[in-house]
Amino acid sequence: MANWFKRNRDPLTAEERNDIIEKSSKQVGPGVFYSTIIVVTSFLPVFLLTGMEGKLFHPLAWTKTFILLIDAVLAITLMPVLISFFLKGRLKPESANPITRTLEKIYTPILKWCLKWRKTTIAVNIIALATGIIMMTRLGSEFMPPLDEGSLLFMPVTLPDVSNSEAKRLLQVQDKLIRTVPEVSHVLGKAGRANTATDNSPISMIETIILLKPKNEWRKGLTKDDIINELNSKMQIPGVTNGWTQPIINRINMLSTGIRTDVGLKVYGQNLDSIYVFAQTIKKQLEGIDGVKDLYVEPITGGKYVDIAIKREEIGRYGLSVDDVNTVIESALGGMKLTTTIEGRQRFSVNARYGQDFRNNLEALKRLQVQTMEFGPVPLEAVADIQLGDGPPMINSENAMLRGTVLFNVRERDLGSTVKEAQERLNKMITKLPKGYFLEWSGQWENQIRANRTLKMIMPIVIIIIFMVLYFTYHSFKEAATTMITVPFALIGGVFMVYFYGINLSVAVAVGFIALFGMAIETAMLMTIYLNEAMNNMVAKHGNSKATLTPAIIREFVIEGSAKRLRPKLMTVSVGLFGLIPILWATGVGSDIMRPITIPLIGGTISSTIYVLLITPVIFEMIKERELKRKGKIELIDVKE
C-alpha cells in the first residue's frame, strides 16, 4: 500500500527521473554553447573600440562575456544537479499552466491569420522595415551622448595683451553676473595657468566652474540649455569671447585631441599671420550655421613685446660689447640669478632685478643706465632702440608644423549634421589651399569618425562569423540565412524607439544595437529549433513524401511547433525586458549614457519577438512547402537546442 501510494504521488522512479534529466541536459548543451558563441561574437566590435569609447564600454563587454561563459558552464554542470534535487512529485504537462494556456489562446489565432495571409504579413513587415530605414537616415549623430555633470565650465577668452589687473577685474565681474541666476549654487573662477607644466593657459584665458543646484530647485520648464543661454546673454562683455562646456568633458577633449571645445578645425601652415587670416575667413563662413555656438578663432597674433634692438655702431663708440648691454637688460627686466638657497629638500634661486618703478614703461626703460669705461653711465636708449612690437602670444605646433584653430561648440542640434553642413559650406569656399597649408577636423568629430571606422570595419566580419556558427548549428545554409533575416527586422523596433525618444545615433546607441544583434539571433534560433523538431515529429507520424504530406499537415505542425513551446520563448525575452525597462526610469549622473544603450535594446527585443513569433513560422512554412513541391519531400534538420 505504501509503495502504491508513493507510486501514485511520483509515478517516476529515481532512475527514470535521472535518465530524463540526463537526456534533457544533453539536448540543451549544444544550444547553450552555440548561443554563447553568437552573443560573445556579437560583442567583438565593442572589444575593438579604442580611445575614450573603448575605456567606457570595454567593462560592459567583458562583464557580459564572463557572465555568459559562467552561465554556460553552470547550465551544463550545476543546473542538472539542482533539478534532480528540486524536481519532485507528479510532472504536469505544459498545458496545465494557466499562463501558458492564456498565451496560447491569444497567440494561436493570430498565428493562424498570419499563415493564412502570408503575403500580406510579409508585405507589412517589409513596409515597416522600409519605414525604419527612412527614420534611420533622419536620425542625428554624435560621438557620445552628452553626460550631464551637474556643473558648467565657462571658458571666455579675451585679448592676448590683457593685463593682470584687467583679467582680475573681468573675473570678478563675471562671477557676480553668474551668481544672479537662481539655478547657480557656487562659482569659482581662475585666470591664467596653475603652477603645473601641463596647464599652458595664458592670462587671457579664464576658467570658471559653475555648480548648479539640483534640478528640482530649478525654475519650472527650464533646461540646461536654457540656463546656458541665459548666462551667455548676461556675459556679453566687449573684447571677450564666451565658451560654454562642462569640466570633465573639457579635460577629456583637451587631453585626447588638444581641443577644448566640441569641435575644432585645425589650420596648419608655414606662417602665423597667414594661418590667422585664413582662420578668420573660415570663422566668417561658419557664422550662422544652426547649432554652431561659441565660435571663435584661437588667437595666435596680438601679443605685445618689448623689442630692444642694440645699435652696434653706438656700442662700438662707447667701448661696449653686446654682452655688456644684454647683461643690463637681463638684470633690469628678467632678473639675474645670484645664488641658490637650500631649505631641507627644497631649492630656491635668489634673483636680483631693478625695482618696478625703473621698468614699468618705455620711458623708464630708455633711462636705464649702462656703465661704460671711458664715458661713465649712458642711457640705454643711446645704445639701443626700444619700442613695443606685436607677436604671437603663444605658438602652437603639432606634427612639427605651426597650427591655428577655429573652435566651436554644438548645442541644440546633433554634432554630425552640424559638422557636415560646415564642411559643405567650406568645400564651396575653398577649392584649393596654398602649398604647405591644410585643414583637419578635430575634437569629438575626430573621435566619432574613428569609432565609426572601427565599427564599419569589424561588423561584416562579425556577421560572417555568426553566419558560420549558424551553419555549423543547422548544417544548412538555408536555415542559417533564414535566421539571419531576423536581424534587420529586429532593428526596426530599436530604430522606432530611438527616433521617437529623440536620441541621436552614437557609440552608445551602436553598443545597444550590437547587444540586440546577438539577442535577436538567439531568439530566432530557439524558434527554428522548435519548428524543426515539429517537422521531425510530422515525418515520424506521416512520412516524408509528396504522397503523404500536404500543406495543411505542414501548417498543423508549424502551428504546433510555434504555439506549444511558446512559454520558453517568451521567458527568454521577458527576462531581458524586465532587466532593461527600469533603466528607462533611472535618473542622476550616468543615466544619460545608459538610456541610449537601453532604448534600442527594448524596442528591438519587442520587434524581434513579434517577428520571430509571427513571421518566422510564415517563412518556414513557405520554405517547407517549396521543398515538398520541388523535391517531393522536406529536408529534415536534427538540431539540438
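User: Which residues does Leu-111 touch, not counting residues up to four places away in sequence?
Analyst: This is a predicted model, in which local features need pLDDT of at least 70, side-chain atom pairs count only at pLDDT 80 or more, and totals for chains, interfaces and linings use all residues. Residues are numbered from 1 along each chain as its sequence is written, and side-chain values use heavy atoms, with hydrogens and water left out. Contact means heavy atoms within 4.5 Å. On that basis, the residues touched by Leu-111 are Ile-559, Ser-562, Leu-613, Leu-614 and Pro-617.

User: Is Leu-111 buried or exposed?
Analyst: Leu-111 belongs to helix H5 (residues 98-116); helices are DSSP runs of H or I with at least four residues, numbered from the N terminus. Buried means under 20% relative accessible area, exposed over 50%, and partly exposed in between (1.4 Å probe, protein chains only). Because its relative accessible area is 0%, Leu-111 is buried.

User: How far apart in space are Leu-111 and Ala-563, C-alpha to C-alpha?
Analyst: In sequence, 452 residues separate Leu-111 and Ala-563. Their C-alpha to C-alpha distance in space is 8.5 Å.

Technical notes
Helix = DSSP H or I, 4+ residues; strand = E, 2+ residues; numbered from the N terminus.
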